[in-house]
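Visitor: Please show me the structure, and then take my questions on it one by one.

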Amino acid sequence: MSAVAQEAEGQRLFRQRCATFYSNRLGQQNCPLLIGIIGRTAGSVEGANYSDTMRSSGVTWDRQSLDTFLPAPRQLVRGTRMTVSVPEAAQRIAIIDYLESRSID
């Protein structure tokens, strides 16, 4: 699969599995922003509606922490409000690749 096709698949999966709960656009109220998530501390976007456990989790998002979180969010951060899981590894990789390609430029 080409890089363009991989990004398109990641974007499709993101929209299908995640976009109901999260936004990848700047400026939406009360919604954790996923642009630039790689390297960010969990629960750190000002004004977003995080659980207290997410805010105090100490997790810094990187490929590994996202890959651990997405199949079973409440195992990594007990009490998280995240209800969607992505158990299939190929789908997680595509979503993480897509999120990694988004930045706050």
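Guide: Questions and answers on this protein follow.

Visitor: What kind of model is this, and from where are residues numbered?
Guide: This is a predicted model, in which local features need pLDDT of at least 70 and side-chain atom pairs count only at pLDDT 80 or more, while totals for chains, interfaces and linings use all residues. Side-chain values use heavy atoms, with hydrogens and water left out, and residues are numbered along each chain as its sequence is written, from 1.

Visitor: How many helices and strands are there, and in what order do the elements run?
Guide: Helices (H or I, at least four residues) and strands (E, at least two) are DSSP runs, numbered from the N terminus. The protein has five helices and zero strands. From the N terminus on, the order is α-α-α-α-α.

Visitor: What percentage of the residues is buried?
Guide: Buried means under 20% relative accessible area, exposed over 50%, and partly exposed in between, with a 1.4 Å probe and protein chains only. Of the 105 residues in the protein, the buried share is 38%.

Visitor: How much accessible surface does the protein have, and what percentage belongs to carbon and sulfur atoms?
Guide: Accessible areas come from the Shrake-Rupley method with a 1.4 Å probe, and for residues only the protein chains shown count as cover. The protein comes to about 6200 Å² of accessible surface, and the part belonging to carbon and sulfur atoms is 48%.

Visitor: Which share of the contacts joins residues 24 or more positions apart?
Guide: A contact means heavy atoms within 4.5 Å. Taking the contacts in the protein with a separation of 6 or more, residues 24 or more positions apart account for 42%.

Visitor: How are the axes of α1 and α5 placed, parallel or perpendicular?
Guide: Axes are lines fitted to C-alpha atoms, for helices over the stretch in contact, and angles run from 0 to 180 degrees between N-to-C directions. The axes of α1 (residues 3-17) and α5 (residues 89-101) come within 8 Å and cross at roughly 100°. Angles under 35 degrees count as roughly parallel, over 145 as roughly antiparallel, 65 to 115 as roughly perpendicular and the rest as oblique. That makes α1, relative to α5, roughly perpendicular.

Visitor: Which residues meet in α1 and α5, and how do they divide into nonpolar, polar and charged?
Guide: From α1 come Glu-7, Glu-9, Gly-10, Gln-11, Leu-13, Phe-14 and Arg-17, and they meet Gln-91, Ala-94, Ile-95, Tyr-98, Leu-99 and Ser-101 in α5. Ala, Val, Leu, Ile, Met, Phe, Trp, Tyr, Cys and Pro count as nonpolar, Asp, Glu, Lys and Arg as charged, and the others, Gly among them, as polar. The residues of this contact divide into six nonpolar, four polar and three charged.

Visitor: How many aromatic pairs are there?
Guide: Rings of Phe, Tyr and Trp (its six-membered ring) pair if their centres lie within 6.5 Å; planes under 30 degrees apart count as stacked, over 60 as edge-to-face and the rest as tilted. By this rule the count is two.

Visitor: Why does the pair of Phe-14 and Tyr-98 count as it does?
Guide: The ring centres of Phe-14 and Tyr-98 are 5.5 Å apart and the planes stand at 40°, so the pair is tilted. Phe-14 lies in helix α1 and Tyr-98 in helix α5, so the pair ties together parts 84 residues apart in sequence. Phe-14 has 1% relative accessibility and counts as buried; Tyr-98, at 2%, also counts as buried. The class asked for, given the 40° between planes, is tilted.

Visitor: How far is Arg-12 from Ile-95 in space?
Guide: Arg-12 is placed in helix α1 and, at 41% relative accessibility, counts as partly exposed. Arg-12 and Ile-95 are 83 residues apart in sequence, and their C-alpha to C-alpha distance is 8.6 Å.

Visitor: Which residues does Val-59 touch?
Guide: Val-59 lies in the loop between α2 and α3 and is buried, with a relative accessible area of 12%. Leaving out residues up to four places away in sequence, Val-59 touches Arg-40, Thr-41, Ala-42, Ser-65, Leu-76 and Val-77.

Visitor: Is Gly-58 buried or exposed?
Guide: Gly-58 lies in the loop between α2 (52-55) and α3. With a relative accessible area of 59%, Gly-58 is exposed.
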